[in-house]
Amino acid sequence: MRVACKTAYEILTIVSEFVEPGISTFELDRIAAFEASKRKAKCAFKGYHGYPSSLCCSPNSQVVHGLPTKDALKSGDILSLDFGVFIDDFYGDAAVTVPVGHVSSAAERLMSVTKQSLHAGIEKAVPGNRLGDISFAVQSFVEGYGYSVVRDFVGHGIGRNLHEDPQIPNYGSPGKGLKLKAGMVFAIEPMINEKSHEVIVLDDHWTVVTSDGGLSAHFEHTVAITDKGPEILTHI
Ligand code: MF3
Ligand code: CO
């Protein structure tokens with residue numbers, strides 16, 4: 001899993017560095033697929049339940065599972081990029097939200113709080129804690145800034161399958177739920193909306209958008225629970 005996760009994050013980082021006004025998410029998807037093929041990594045999302053692309057690209061009010069398009073990104077957009085690979089029987093999964101050119105301070109703040117909420121959740125991924133400790137840490141952090149946590153999509157266990165039990169909601173109660181043990185590996189992935197938590201799936205059956213048109217940000221790491229604490233597997 002360390003190999004798959006490191007590879008996924010390396011490719012996600014390379015793709016992020018290409019993000020600038022004028023480039024399209026279609027081009028970013030091609031870069032991700034090319035970088036994966038160079039590393040003999042299989043793109044985990046392509047063909048998953050019929051998902052047509054390698055990379056999920058969700059700009060602005062898109063929350064997750066956005067489909068790459070040939071439209072040029074423009075300065076002021078924010079873009080959530082989600083990428084996973086499969087190598088030697090194991091999956092790795094990660095996401096980041098990045099600015100395109102110069103973005104508003106409101107957008108900067110949403111991205112920053114979402115990223116920090118992921119780390120607040122990761123800190124609770126230690127043996128003896130409960131699943132609800134992770135969920136509550138994310139939720140309380142985010143709501144402290146007036147943002148809302150998407151309910152309809154959640155994090156997940158990950159390993160020999162992209163999505164395994166348990167589900168990892170980004171909302172919940174401390175001390176509740178599954179007891180965490182060393183050896184478990186979770187994809188923790190807060191999806192945070194500027195305004196209402198409500199989302200809609202578009203007619204393409206994939207693209208998830210905020211119901212009120214507000215911005216949304218998404219950060220994800222694959223994290224192993226170890227006796228020495230949380231180990232973020234998706235890193236450079
Ligand atoms: N990273 C997404 C997740 O964690 C995976 C996208 S699902 C796909 O669930 F179907 F789009 F591949
Ligand atoms: Co995931």
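## Ground rules

This is a predicted model, so local features need pLDDT of at least 70 and side-chain atom pairs count only at pLDDT 80 or more, while totals for chains, interfaces and linings use all residues. Residues are numbered from 1 along each chain as its sequence is written, chains are lettered from A and ligands numbered from 1 in the order in which they are written, and side-chain values use heavy atoms, leaving out hydrogens and water.

## The cobalt site

Let's start with the metal. The cobalt ion (ligand 2) has four named protein donors: Asp93 (OD), His156 (NE2), Glu189 (OE) and Glu220 (OE), at 2.0 to 2.3 Å. Donors here are N, O and S atoms within 2.8 Å of the metal (3.2 Å for Na, K and Ca); water is not among the atoms, so sites may look incomplete.

Along the chain, the donors follow the spacing D-x62-H-x32-E-x30-E. Aspartate 93 sits in strand E5 (residues 90-99) and histidine 156 in strand E7 (residues 155-157), so this pair, 63 residues apart, links distant parts of the chain. Strands (E, at least two residues) and helices (H or I, at least four) are DSSP runs, numbered from the N terminus.

## The open sheet

Strand E7 also belongs to an open sheet of five strands, in the order E8-E7-E9-E14-E15, with antiparallel pairing. Strands E8 (164-168) and E15 (229-232) are at the edges with a single partner strand each, so one side of each has no neighbour in the sheet. Two strands pair if DSSP finds at least two bridges between them. E7 and E8 run antiparallel and are joined by three bridges, and glycine 155 stands opposite isoleucine 168 in E8.

## Two helices

Helix H4 (residues 131-143) has 13 residues, which should span 18 Å at 1.5 Å a residue; its end C-alpha atoms are 19 Å apart, so that agrees. The expected span is 1.5 Å times one less than the number of residues. Buried residues of H4 include Leu131, Ile134, Val138 and Val142. The buried residues of H4 pack against helix H3 (105-123), strand E6 (148-149), E8, strand E9 (185-188) and strand E10 (191-193).

What about H3? Its buried residues include Leu110, Met111, Val113 and Leu118.

## A tucked-in serine

Serine 54 is in the loop between strand E1 (42-43) and strand E2 (55-59). Its relative accessibility is 3%, so serine 54 counts as buried. Leaving aside neighbours within four places in sequence, serine 54 is in contact (heavy atoms within 4.5 Å) with Asp29, Ala33, Cys43, Phe45, Lys46 and Phe83.

Methods: Buried < 20%, exposed > 50% of the residue type's maximum accessible area, 1.4 Å probe, protein only.
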